[in-house]
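Subject: Structure handover

Dear colleague,

Please find the structure below, with notes on what turned up in it.

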Amino acid sequence: MIVQIPALNLTGTDPGLEGWHRETTFLNAYPSVGEPNIFVIGAYSGTIAGLLIDQLPGATHWLLEPQDWAYRQLCEKFGHLPNVRIRQFALGDRSGVLKM
């Protein structure tokens, strides 16, 4: 069974909750149907990815980041974790190459 959760913009947060935990509390509202796959598109330095990994340690986490320095930083932070997949690419609405 596949449960599709709509994409969410995590920049809009609940100011009533302290700290970064407010970023991931929306996950508690969805039913559990096995271990999920979590995709962090534009994982950058890994702040949100780290919170998601801590909150859902049984999930498979896919971190996508095109920038060389950020990709290397993600590999250093999370590359040792067996449930984390780090890929150096971007997603867009057309094929192409962009120098960053």
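Leaving aside neighbours within four places in sequence, which residues is Ser-45 in contact with? This is a predicted model, and in it Ser-45 touches Gln-73, Leu-74 and Lys-77, once those sequence neighbours are set aside. Ser-45 lies in the loop that runs between strand 1 and helix 1. Its relative accessible area is 18%, and the cut-off for buried is under 20%, so Ser-45 counts as buried.

Three strands make up an open sheet, ordered 1-2-3, with parallel pairing. From one strand to the next, the twist averages 15°. Strand 2 and strand 3 run parallel and are joined by four bridges. Leu-63 is opposite Ile-86 of strand 3. Helix 2 packs on the sheet, where it touches strand 2 and strand 3. The direction of helix 2 makes about 165° with that of strand 3.

Then helix 1, which spans residues 47-55. Which of its residues are buried? They include Ile-48, Ala-49, Gly-50, Leu-52 and Ile-53. Among the elements that cover these buried residues are strand 1 (37-41), strand 2 (60-64), helix 2 (68-78) and strand 3 (84-87).

Regards

Conventions. Residues are numbered from 1 along each chain as its sequence is written. This is a predicted model: local features need pLDDT of at least 70, side-chain atom pairs count only at pLDDT 80 or more; totals for chains, interfaces and linings use all residues. Side-chain values use heavy atoms; hydrogens and water are left out. Buried means under 20% relative accessible area, exposed over 50%, partly exposed in between (1.4 Å probe, protein chains only). Helices (H or I, at least four residues) and strands (E, at least two) are DSSP runs, numbered from the N terminus. Contact means heavy atoms within 4.5 Å. Two strands pair if DSSP finds at least two bridges between them. Axes are lines fitted to C-alpha atoms, for helices over the stretch in contact, and angles run from 0 to 180 degrees between N-to-C directions.
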